[in-house]
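Biologist: I would like to learn how to read a protein model feature by feature. Could we take one and go through it slowly, with the general idea before each case?

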Amino acid sequence: ATACASYETVGNNWSFDLSATQFATGNKYRLEIYGADKAGNQHITGCPWVTGSAAGACQTGDADHAKYLRYFVYNKAKPVVTIGWPVLVSPNYIGSTLSQATGTATGLGVVNVQYALKYNATDPTSHWRQYTSSGAWVYPYVGNLWNTAYNPNGDWSVWVASNVAWVDGEAYLLTVRATDSAGNVSNEQEI
């Protein structure tokens, strides 16, 4: 499907409101932009204009040779994140060493998974701050202290939170969320 719209201005700056456009999540779109003066003059040599185009190339473009040609995938859907380990059972007593927490993230263009780990107590309490290969409990802290999980597959289909200095006998609250390239943030999952 193709749709066109015209915008007239007498100034050098312009904007176009796309808020009423009915884009569908996951669909790919092409945006073409060109211009003309009131007399219909247009300059199409060197169109479309791209980074590195020669000075003076593609001054306005036209309907067949857009000055700017951009492609994008529309995404308004939140990614989905899960916690796979530790498994939620109540009460959740881990009778052995807990080396890591893991889970999955799915959606269009997931770019990161973050986790917040704290003692299961009312804030201010101790919260985990992850460093490159270690971390530390921060006290007192209020709110979620977000850490970026490890991405072993390169696509966030699996995430891992490891190297946590667990304290024997302490109860914890783990919260995770995922973000995609459009800035959509998943619903938080908690265990």
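Modeller: Let us begin with the words for segments: helices (H or I, at least four residues) and strands (E, at least two) are DSSP runs, numbered from the N terminus. What you see is a predicted model, in which local features need pLDDT of at least 70 and side-chain atom pairs count only at pLDDT 80 or more, while totals for chains, interfaces and linings use all residues. Residues are numbered from 1 along each chain as its sequence is written, and side-chain values use heavy atoms, with hydrogens and water left out.

Biologist: How many helices and strands are there in the protein chain?

Modeller: The protein chain has zero helices and 11 strands. One of the loops, between strand 5 and strand 6 (125–130), holds P124.

Biologist: What is the peptide bond from D123 to P124 like?

Modeller: Most residues other than glycine have a negative phi, and most peptide bonds are trans. The bond from D123 to P124, however, is cis, with omega near 5 degrees. A cis peptide bond also leads from Y139 to P140, where omega is near -5 degrees, and P140 belongs to strand 7 (residues 135–141).

Biologist: How should I read a disulfide, and which cysteines form one here?

Modeller: A disulfide is a covalent bond between the sulfur atoms of two cysteines. In the model, a pair of cysteine sulfur atoms within 2.5 Å is taken as a disulfide. The structure holds one disulfide, formed by C47 and C58 with their sulfur atoms 1.9 Å apart. The torsion about the S-S bond of C47 and C58 is about 95 degrees, so the disulfide is right-handed. Both C47 and C58 lie in the loop between strand 1 and strand 2 (68–73), so the pair ties together parts that are 11 residues apart in sequence.

Biologist: Are C47 and C58 buried or exposed?

Modeller: C47 is buried, and so is C58; the relative accessibility of C58 is 0%. C58 also has a positive phi, of about 45 degrees, although it is not a glycine.

Biologist: Which residues form salt bridges?

Modeller: Side chains of opposite charge can pair when their charged atoms come close. The cut-off for a salt bridge is a side-chain nitrogen of Lys or Arg within 4 Å of a carboxyl oxygen of Asp or Glu. A search of the whole structure finds two of them. In one, E32 pairs with R30, the closest N and O atoms being 2.9 Å apart; E32 is partly exposed at 32% relative accessibility, whereas R30 is exposed at 53%. In the other, D123 pairs with K118, with the closest N and O atoms 3.4 Å apart; D123 is partly exposed at 25%, and K118 is buried at 13%.

Biologist: Which residues touch the most other members of the largest nonpolar core?

Modeller: A nonpolar core is a set of buried Ala, Val, Leu, Ile, Met, Phe, Trp, Tyr and Cys residues joined through side-chain atoms within 4.5 Å. The largest has 18 residues, of which V81, A105, V113, Y115, L117, W156 and W159 touch the most other members. At least two core residues come from each of strand 4 (100–106), strand 5 (110–119), strand 9 (159–162) and strand 10 (172–180), and strand 5 gives the most, with five residues.

Biologist: Where is G103, and how far is its C-alpha atom from that of V160?

Modeller: G103 is in strand 4 and is buried, at 6% relative accessibility. The C-alpha atoms of G103 and V160 are separated by 6.8 Å, although the two residues are 57 residues apart along the chain.

Biologist: What box do the C-alpha atoms of the whole chain fill?

Modeller: Taken along the principal axes, the box is roughly 80 × 35 × 30 Å. Buried residues make up 26% of the 191 residues in the protein chain.

Key
Buried < 20%, exposed > 50% of the residue type's maximum accessible area, 1.4 Å probe, protein only.
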